[in-house]
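Subject: Structure for you to look at

Hello,

Here is the structure I said I would pass on. My notes on it follow below.

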Amino acid sequence: MKNIRSALFIYSLCIWITPIHAGELSGFTGIEFRGFTQSAQLPRQDHSTNFSFVFESEYYTDWDNGDQSFAFTPFLRLDQHDHERTHFDIRELTYLKAADAWELRVGIRKVFWGVTEFQHLIDIINQDDLVENIDTEDKLGQPMINLALIRDWGTIDLFVLPYFRERTFPGRDSRLRTLPYISNDISRYESSAKEKHIDFAVRYSHYFGDWDIGLSHFYGTSRDPSLQLSFDDSGNAFFIPFYSIINQTSVDLQATKGNMLWKLEALHRSGQGETYNALVGGFEYTFVGVFGSAMDLGLLSEYHYDDRGRNNFTIFEDDIAIGARLAMNDISSTEALVGLVWDRTTGGQFFNLEASRRIGESWLLELQSRFFFDQKPVDPASAFSQDDYFELFLTYNF
Amino acid sequence: MKIKVILIALLSLQLSLAAAETPEEKGLAIAIEADKRDTGWTDQIADMKMILKNKHGDSSTRVMSITTLEVQGDGDKSLLIFDNPRDVKGTAFLSYTHALTPDEQWLYLPALKRVKRIASANKSGPFVGSEYAYEDLSSQEVEKYKYKWLRDEVIDGRDNFVIERYPQYEHSGYTRQIVWMDKEMYQPNKLEFYDRKDAKLKTLLFLDYQQYLDQFWRPGEMQMANHQTGKSTSLAWENYQFKNGLTDRDFDKNTLKRAR
């Protein structure tokens, strides 16, 4: 609550100085509705509809010809059923200084690494804000000092990450959670410094003609915890997240050949259980102007592999994903993405639909639907087997 | 005697050929002159307001700023940043254009903070749902087309060269274009596009030209009408600024990530 209050204070300050300092306020506010098509696995999860309110706004100002800037982005969600999903976060609070050969960023930020679509395997700087969405694309703001050295032969990004954010997990009454639930109150760390362990990362990125490449190394607290089974006083089982100290080396590659994109992400991680390797690779091909129209149709497929197999809580251990992306290129920017992930070991399938359309100049309507088929109890995704849902998300953008 | 007559006849024919340039040569010469006159602006910043209309009269507005770096001997580099609609505010698009080979394009998605290299071999696709294809908006390089002068014509009181030009990029969406090139400005007043079936597809009108730095003519408005769909897109240009001292560094993936 203390940081909500200070964030509110900073945000009102931003609103107050905007007219004077020529800064800029933007953002969105919206209502999310989720409808579940089956009854829940547990009585306590038993709601079939859920409403949620979201607000996110950015204050941005720059000076020094745009070479220095400040950005502040608070985020708030109020959820009908899940008190863990009702939360506040500072997505960004950053000072940036850009020079000819370097860029320095200090503060709370989000950084994305990677090229693939169905899974963001090598993306590691930020913690997942998992209560937001199971697609792991929502992230908690990460405190950092980031220096980018910009040379003719590529960019070297150096990161010092002085504070660790624990993953957010859905509450016990929530749908789309693991069975047993994962505690948000108790956590364990390998390092005695716990969340104050200082993590480091370095990344090289560049492009050579058709090829975009990234090589990264991360040392520090694993963003995805191992789960330890425990029991509360009344004998109910739950998981305690355990955060190991890991070393992770990764590569991400994309070759852009005409209308074909070839993509690969691979990593080698040690320190979290046995040393392991994982990769995801695939392609996306775009047909421009299909059926004599202005629409673009993309077909994509990716293969996911993790050499720990099914002994670990990984959803992508030997999976094939296929999908199609349609961009209507119309006035309303109508877009849709459908995907199916098939687990080759368990036979389980996961269906995903995402679509969006602008209404007028300021409103955006998004549809999301996820279905879980033939989930075997051995698969961690089986916890969601009764949680097929569709979601409507209407936002006002300002 | 007879041979002499034939020789003289042949010689005089050759002389007349040398004196008069062919329509192809004349078209090329005009394109080279237009290119020469529009060289040396170094870099350009401008604000663009795009109004899209469909045949039912529904309209939608996009606002963006476009920064361009002049590249000698190749297509220009450009960085485009969306301000409106607000749901795509901050989305930025970096493009290294080339006359005869695929462009190189990266898209920055601010919600995910993700930079995506995108497929760009097909330059005939619509740009953000508008009636402009990517190839309509990229820089005019002489080698993009083969040319043929057709005639001279006065439209709206201005003298024009009327030139037919044939795209040389293999994935172009057009068989040909007809351009009305202003004889004084060496800038187009009107452009007609013919699709791959050689049917008339679109007409583009350039309006409200102004001269900057005593040399460079830029339109204040561009109106594109699609004859096959009844849709149209108008562009209003504002705040042209030239020679801002920009370099390649202002057009790299690092700048794309912090573009505003």
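Strand 7 (145-155), strand 8 (158-167) and strand 9 (174-182) of chain B are among the elements that cover the buried residues of helix 2 of chain B. Please keep in mind throughout that this is a predicted model.

The buried residues in question are B:Gly27, B:Leu28, B:Ala31 and B:Ala34. Viewed down the axis of helix 2 of chain B, the buried residues fall within an arc of 120°, so they line one face of the helix. On the face of helix 2 of chain B turned away from the buried side sit the exposed residues B:Ile32 and B:Lys36. The length of this helix also checks out: helix 2 of chain B has 15 residues (23-37), which at 1.5 Å a residue should span 21 Å, and the end C-alpha atoms are 21 Å apart, in agreement.

As for chain B overall, it has 260 residues, of which 32% count as buried. Its secondary structure consists of 4 helices and 15 strands. Along the principal axes, the C-alpha atoms of chain B fill a box of roughly 85 × 45 × 35 Å. Of the contacts in chain B with a separation of 6 or more, 42% are between residues 24 or more positions apart.

Strand 11 of chain A pairs with strand 12 (residues 237-243) of chain A in the antiparallel sense, over 6 bridges. One bridge can be named: the partner of A:Ser226 is A:Phe242, in strand 12 of chain A.

Some backbone details remain, starting with cis peptide bonds. In chain A, the bond from A:Leu179 to A:Pro180 is cis, with omega near -10°. A:Pro180 is placed in the loop between strand 7 (154-161) and strand 8 of chain A. In chain B, the bond from B:Asn84 to B:Pro85 is cis, with omega near 0°, and B:Pro85 lies in the loop between strand 3 (77-84) and strand 4 (92-96) of chain B.

Positive phi values come next. A:Asn329, a residue other than glycine, has a positive phi near 55°. A:Asn329 sits in the loop between strand 17 (318-327) and strand 18 (335-343) of chain A. Is A:Asn329 buried or exposed? A:Asn329 counts as buried, because it has 20 C-beta neighbours inside 10 Å. B:Lys243, also a residue other than glycine, has a positive phi near 50° and lies in the loop between strand 15 (232-242) and helix 4 (253-258) of chain B. With 13 other C-beta atoms within 10 Å, B:Lys243 is partly exposed.

Regards

Methods:
Residues are numbered from 1 along each chain as its sequence is written. Chains are lettered from A and ligands numbered from 1 in the order in which they are written. This is a predicted model: local features need pLDDT of at least 70, side-chain atom pairs count only at pLDDT 80 or more; totals for chains, interfaces and linings use all residues. Helices (H or I, at least four residues) and strands (E, at least two) are DSSP runs, numbered from the N terminus. A residue is buried if 20 or more other C-beta atoms lie within 10 Å of its own, exposed if 12 or fewer, and partly exposed in between; C-beta atoms are placed from the backbone. Two residues are in contact if their C-beta atoms, placed from the backbone, lie within 7 Å. The expected span of a helix is 1.5 Å times one less than its number of residues. The arc is that of the directions from the helix axis to the C-beta atoms. Two strands pair if DSSP finds at least two bridges between them.
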